[in-house]
Amino acid sequence: MSQGRYAEAMVSPSTNRRILTAEILSIGSELTVGDTRDTNAGELARALTTAGVAVGRLSAVPDRLEVVRDALAHALDRVDLVVSTGGLGPTPDDLTRESIAAVWGEIPAVDPELERWLRGRWQRMAQPFPEINLKQAWRIPSCEPLPNPNGSAPGWFVRRSDGRLAVALPGPPREMRPMWADEALPRLRAIGLGADTAVRTFRLTGIGESQVAEILGEELLREPNPEVATYARVEAVDIRISAIGGPDSNGVGRTAEDLVEAASALVVERLGAFVWAEGDTTWSQAIGARLDARGWRLAVAESGTGGQLGAVLGDVSWLSLLESRAAVPAGVGSIEDAAHAIRAAAGAEVGVAVRARERAGQIAVTIAVETPDRRHRETRTTFTAGPLGRSRAALAAAAVLFAALGDDPPQL
C-alpha cells in the first residue's frame, strides 16, 4: 500500500476549502463507559490549534451506527473538518467506515490494491489471513485511504463536494500518531490548513486568578480577538492571549502577532510585577536559567513539605544537595542558619532552607535563601493544609528562591 497510488495521491486543488474550523470525534464504547482513557483527542486538538484551526468540540460516541453517523453528519454541518479516531477494526462493532459511507451516500466496496496489501501483511507474518479483516480493505469513491505501516487498519481521507473533510484515524496511539503526522497533516496543509494565528502566555505568581481577572477587566477578557483568558494551573496563574489575523475593533486589518502584542502590552502594564515566565516554562527551568547565568549551584533542605520542593525542582544538574528531614536541619538555630549550613555542606553557591508548619487548617512556610552576596528570609501562608497545602508551600519556596536570584549576574 505504501508504494501504491494512495501514498502519492493528493487531493485536487480545484475543490479546496480552507480549513479554519474542526471537531474531534472519538469512537468506541470503551471510551463512553470509562474503560479506556482518550488521549488522542487532546493531542489532535493541540495540533490543529497550533496550526491555526479553531477546534469547537471534542466528542466521544459509542459503537452504534446511528449515533456515529449522526455525530459525524452534524459535525460536518458546523465545521470544515472532522477528525475521528477509532472504529476502524475488522469486527462488526467497528462502524466508522459504515458511518462515513452513510453520510456521504456512497456504498463501500473492497479495493483490490488494499486487499493485496492486507493479505501481503499476513503473508509476511507467515499467518493465515482472517477473512473478517477484509473489511479493512473497504473504501468509497470519495475516500483516499491513508497508509498504516503500524497496523492493519488504513485510515480514510474523505472529501465532500462542498470541500468539507472527514479524516478517520485508528484508535491505538502508536498507529494514530504517525498516520496523522505523516499522512493526514501533509494532505490538509496542501489544501490550506488554518489561519494566521499567534499565541502568548504569561505565567504569574503571588496573585490569584480572580484578582487577575478583576485587574484585567471585563472589557479585555470579553474581547473575542484577541482573546485573553486566565487559567489557574498547578504551578501558576496563566494568562493566555491568542489572536487570528484580521480587522481589529476599528475595522483596521491587523496581523495576529500585532493583535497579540497590543494585548500583551496591556497585560504587562497591569500585571507585569507578577509575571515570572512566559510560555510553558516551569519553576525548575526558570530557577535553573538564573543559576546557570551565574554559574551557581543550589543546595536545598526542607521540612514539613513532604519533599515537595525537591519534586518541583526535579532531577537537574545544578542541584548539588537535596535533603528532607523532620527538622531543618538538625542542630542549627534559625532558618537562615539552616540555609547557610546546607550551602556549606554541599559546597554550593546558593542554599535554601524551607520549614513548613501546619496551623489552624493552613500551612505557614518560612523560606531562607543564602547566596554569595545576600541573605533573604520570607514567610508565606498557603490558606490550606494537607497535601495541597504542602504543594503550595513548595511553590511558594520556588517563587521566593526565584526572586532572590533575580538581580543581574555579578560581573566577575
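# Pockets, a bent helix and some loops

User: What is the volume of the largest pocket?

Analyst: This is a predicted model: local features need pLDDT of at least 70, side-chain atom pairs count only at pLDDT 80 or more, and totals for chains, interfaces and linings use all residues. A pocket is an open set of points on a 1 Å grid over the protein atoms alone, with protein on both sides within 12 Å along at least five of seven lines. Its volume is the space filled by probe spheres set on the points, which are joined across faces, edges and corners. For the largest pocket, that volume is about 580 Å³.

User: Which residues lie nearest the centre of the largest pocket?

Analyst: Residues are numbered from 1 along each chain as its sequence is written, and side-chain values use heavy atoms, with hydrogens and water left out. Lining residues have an atom within 4 Å of a point. The largest pocket has 23 of them, and those nearest its centre are Thr205, Gly206, Ile207, Arg392 and Leu395.

User: Which element gives the largest share of that pocket's lining?

Analyst: Helices (H or I, at least four residues) and strands (E, at least two) are DSSP runs numbered from the N terminus. Strand E19 (374-381) and helix H14 (386-404) are the elements that give two or more residues to the lining of the largest pocket. The largest share is 6 residues, and it comes from H14.

User: How many residues in the lining of the largest pocket are charged?

Analyst: Asp, Glu, Lys and Arg count as charged; Ala, Val, Leu, Ile, Met, Phe, Trp, Tyr, Cys and Pro are nonpolar; the others, Gly among them, are polar. The lining has 12 nonpolar and 6 polar residues. Its charged residues number 5.

User: Where does Thr382 lie, is it buried or exposed, and which residues does it contact?

Analyst: Thr382 lies in the loop between E19 and H14. Its relative accessible area is 5%, so it is buried (under 20%; exposed is over 50%, partly exposed in between, with a 1.4 Å probe and protein chains only). Contact means heavy atoms within 4.5 Å. Leaving aside neighbours within four places in sequence, Thr382 contacts Gln362, Ile363, Gly389, Arg392 and Ala393.

User: Which elements each supply at least two residues of the lining of the second largest pocket?

Analyst: This pocket holds about 490 Å³ of space. It is lined by 18 residues, with Thr49, Val53, Val199, Arg240 and Ser242 nearest its centre. The lining divides into 9 nonpolar, 6 polar and 3 charged residues. The elements asked for are helix H3 (40-50), strand E2 (54-61), strand E9 (197-204) and strand E11 (237-244).

User: What is the volume of the largest cavity?

Analyst: In a cavity, a 1.4 Å probe fits but cannot get out. There is 1 cavity of 30 Å³ or more by this rule. Among its 13 lining residues, Leu25, Leu72, Ser84, Thr96 and Ile100 lie nearest the centre. The volume is about 60 Å³.

User: How many charged residues line the largest cavity?

Analyst: Strand E1 (21-27), helix H4 (65-78), strand E3 (81-85), helix H5 (96-104) and strand E8 (165-169) each supply at least two lining residues. The lining has 10 nonpolar and 3 polar residues. The charged residues number none: it has no charged.

User: At which residue does H7 bend?

Analyst: Helix H7 (residues 173-191) has 19 residues and reaches 25 Å from first C-alpha to last. That is close to the 27 Å expected, taken as 1.5 Å times one less than the number of residues. A bend is the angle between axes fitted to the seven residues ending at a residue and the seven starting there. In H7 the bend is about 45 degrees, at Trp180.

User: Which peptide bond is cis, with omega near 10 degrees?

Analyst: Most peptide bonds are trans. Pro226 sits in the loop between helix H9 (218-221) and strand E10 (227-232). The cis bond runs from Asn225 to Pro226.

User: Is Ala360 buried or exposed?

Analyst: Ala360 sits in the loop between strand E17 (350-359) and strand E18 (362-371). Its phi is positive, about 50 degrees, although it is not a glycine. Its relative accessible area is 84%, so Ala360 is exposed.
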